Amino acid sequence: MDYIKLGQTGMDVSRLCLGCMSYGLAERGGHQWVLNEELSRTFIKRALELGINFFDTANVYSNGSSEEIVGRALKDYAKRDEVVIATKVHGRMRPGPNGAGLSRKAIMTEIDQSLQRLGTDYVDLYQIHRWDPYTPIEETMEALHDVVKAGKARYIGASSMYAWQFLKALHVAEQHGWTRFVSMQNYLNLLYREEEREMLPLCQAEGIGLIPWSPLARGRLTREWAEATARSESDEFAKKLYSLTEEADRKVVERVAEVAAKRDVPRAQVALAWVLQKAPVAAPIIGATKMHHLDDAVAALAIKLTPEEISSLEEPYIPHPVLGGIS
């Protein structure tokens with residue numbers, strides 16, 4: 001396993017982050033395809049054996065049960081100071097007023113709830129899951145600063161938003177002397193490259209570490225275009241991501257297949273290698289519901305795509321609508 005500093009921090013993270021949205025309880029509101037606790041633990045344990053020290057979850061994943069499963073597994077299989085635990089806040093956790101968003105009230109409530117579910121005194125990275133248009137960014141940034149100063153989080157990060165929004169948050173923190181975002185968890189893969197226009201250059205200029213989600217486009221880059229899975233059939237969010245550019249996307253998938261065939265490796269390794277070689281990507285967030293998902297991800301670290309291969313993979317891409325839950 002390779003390790004890298006997350007952005008301009010001194011914290012070392014594995015070059016792969018295990019995304020834990022797939023681990024939870026369906027009966028607690030999770031997706032149909034989530035793995036139960038017994039199965040989830042096998043993947044978390046295997047990830048640790050492979051050298052992965054970076055684990056990402058969120059309060060909304062399976063209504064908190066993902067945090068519970070991840071917390072119990074890491075307590076049993078790892079030493080707390082040797083792992084990097086990341087979670088997120090923003091989504092709705094209960095009905096009624098103040099049950100969602102990034103107000104001071106919501107953040108202060110949700111960090112304590114997340115810590116309780118994770119069974120830890122602190123998280124290493126506390127992230128805002130989306131931009132909250134209904135709360136002043138000054139209120140959000142001051143609350144996050146206070147979370148850090150209270151010792152409940154080591155660092156803070158953000159997720160999918162417009163570049164101008166992220167820059168505004170960075171400016172507000174600098175203006176007031178508050179804790180600054182160190183990472184951006186954004187949507188980036190060979191089927192969605194709109195982040196290359198503004199967000200990637202901004203993060204590189206500001207020393208922000210990228211931990212992109214869905215680097216394999218929810219599996220679309222790893223299989224034949226017409227092939228369906230139980231997840232793809234039931235994943236309504238994915239259908240919104242890939243409904244307007246299907247013909248162009250199909251050509252990209254075919255290019256991935258061509259490069260993989262020439263190298264005699266699985267497609268997943270090629271698609272992930274492309275993301276890993278994008279500056280300033282620190283650690284793509286990988287999902288794993290089959291053991292070979294982890295093996296392919298680790299193997300991708302050794303693949304260095306040639307300029308010709310990169311050009312071939314990128315050439316069919318066309319501009320996409322802005323996607324990824326940005327509002």
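**Val 265**

I looked up the contacts of Val 265 (contact means heavy atoms within 4.5 Å). Leaving out residues up to four places away in sequence, I found that Val 265 touches Ala 260, Val 270 and Ile 303. I placed Val 265 in the loop between α9 (246–263) and α10 (267–276). Helices here are DSSP runs of H or I with at least four residues, strands are runs of E with at least two, and both are numbered from the N terminus. Val 265 counts as partly exposed, at 23% relative accessibility. My cut-offs: buried is under 20% relative accessible area, exposed is over 50%, and partly exposed lies in between, with a 1.4 Å probe and protein chains only. I also took the distance from Val 265 to Tyr 155, which is 110 residues apart from it along the chain; their C-alpha atoms are separated by 37 Å.

**Basis**

I am working from a predicted model: local features need pLDDT of at least 70, side-chain atom pairs count only at pLDDT 80 or more, and totals for chains, interfaces and linings use all residues. Residues are numbered from 1 along each chain as its sequence is written, and side-chain values use heavy atoms, with hydrogens and water left out.

**Cysteines**

How many disulfides does a search of the whole structure find? I got zero. I required a pair of cysteine sulfur atoms within 2.5 Å. Cys 20 is in no disulfide; its nearest cysteine sulfur belongs to Cys 17, 7.3 Å away. Cys 20 counts as buried, at 1% relative accessibility.

**Whole chain**

I counted twelve helices and ten strands in the chain. The radius of gyration is 19 Å, close to the 20 Å from the globule rule for 327 residues, so the chain is as compact as a globular protein of that length. I took the radius over C-alpha atoms; the rule is 2.2 Å times the number of residues to the power 0.38. Along the principal axes, the C-alpha atoms fill a box of roughly 55 × 45 × 40 Å. Buried residues make up 57% of the 327 residues. I then turned to contacts between residues at least 6 apart in sequence: 79% of them join residues at least 24 apart.
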